[in-house]
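This report goes through a few local features of one protein chain. Please look at the sequence and the structure before reading on.

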Amino acid sequence: FGCNLFNANSDIYRKLRNTMRYLLGALDGFNESERVAHADMPGLERWVLHRLAELDKVVRDAYAAYDFKKAFHELVNFCVVDLSAVYFDIRKDSLYCDAPSSLRRRACRTVMDDVFRRLTIWFAPVMVFTCEEAWEQRYPGKGSVHLQLFPETPAGWLDTAHAARWDGVFRVRKA
């Protein structure tokens, strides 16, 4: 029983670390001049921002109730299911093949910047050293992740009608 628990937890940690590494690699050289406004983003990026808005409420509520397990579980699920299995898989070609100035690539990197910032801050209470190292890699000399407040999530990111359309696309994609 004990070894299985360690193996499961190390597998989860490896997946989360790989998510952070992927984001750090994809964001190399990103700066605010390439940021894309929410209204100009393709639908897939707006879906990810919707998921971040949903997650924001869940994570804040879980931490407020000292339910670290729930916050951690929701964040892991987002990383494994929404990011790795869907978003990263779909957008990897855009990152590697689209021109640096293309809207789709810039929107993807904009969303990844928002995802990275939130994930490192949200995970920081339970993955102290990993988040600190990732934060320092992305923002060298800008202070500790543990001194950051949870970022405010724009109300416009939450769009249930748009998310429902993408849920239909994902059901078809699975089939």
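Is C79 buried or exposed? In this predicted model, C79 is buried, and its relative accessible area is 2%.

## Cysteines

How many disulfides does the model have? The count is zero. For C79, the nearest cysteine sulfur belongs to C131 and is 9.7 Å away, and C79 is in no disulfide.

C108 has a relative accessibility of 0% and counts as buried. The cut-off for buried is under 20% relative accessible area, and therefore both C79, at 2%, and C108, at 0%, fall in the buried class.

## The largest pocket

The largest pocket holds about 300 Å³ of space. Its lining is made up of 15 residues. Those that lie nearest the centre of the pocket are V81, D82, V86, D167 and F170.

Which elements give two or more residues to this lining? They are helix 2 (43–64), helix 3 (68–97) and helix 6 (160–174). Helix 6 gives the most, with seven residues. Sorted by class, the lining has seven charged, six nonpolar and two polar residues.

Helix 5 spans residues 128–138. Its buried residues are T130, C131, A134, W135 and R138.

## Helix 4

T110 belongs to helix 4, which covers residues 103–123. T110 is buried, with a relative accessible area of 1%. Where does the side chain of T110 reach? It reaches the backbone oxygen of R106, at 2.8 Å.

D113 is also found in helix 4. At 5% relative accessibility, D113 counts as buried, because the class takes in values under 20%. From D113 to C3 the separation is 110 residues in sequence and 36 Å in space, C-alpha to C-alpha.

## Two loop residues

Y66 sits in the loop between helix 2 and helix 3. What is phi of Y66 near? It is near 60 degrees, a positive value in a residue other than glycine. Most residues other than glycine have a negative phi. Y66 has 65% relative accessibility and counts as exposed.

Q148 lies in the loop between helix 5 and helix 6. With a relative accessible area of 24%, Q148 is partly exposed. Q148 and R35 are 113 residues apart in sequence, and their C-alpha atoms are 21 Å apart in space.

Definitions and conventions. Residues numbered from 1 in each chain as written. Predicted model: local features only at pLDDT ≥ 70, side-chain atom pairs only at ≥ 80, totals over all residues. Heavy atoms only, no water. Disulfide = S-S within 2.5 Å. Buried < 20%, exposed > 50% of the residue type's maximum accessible area, 1.4 Å probe, protein only. 1 Å grid on protein atoms, 1.4 Å probe; cavity = no way out; pocket = protein on both sides within 12 Å on 5 of 7 lines; lining within 4 Å. Points joined across faces, edges and corners; volume = space filled by probe spheres on them. Helix = DSSP H or I, 4+ residues; strand = E, 2+ residues; numbered from the N terminus. Nonpolar A, V, L, I, M, F, W, Y, C, P; charged D, E, K, R; others polar. Polar contact = N/O pair within 3.5 Å; in protein donor to acceptor, adjacent residues only side chain to side chain.
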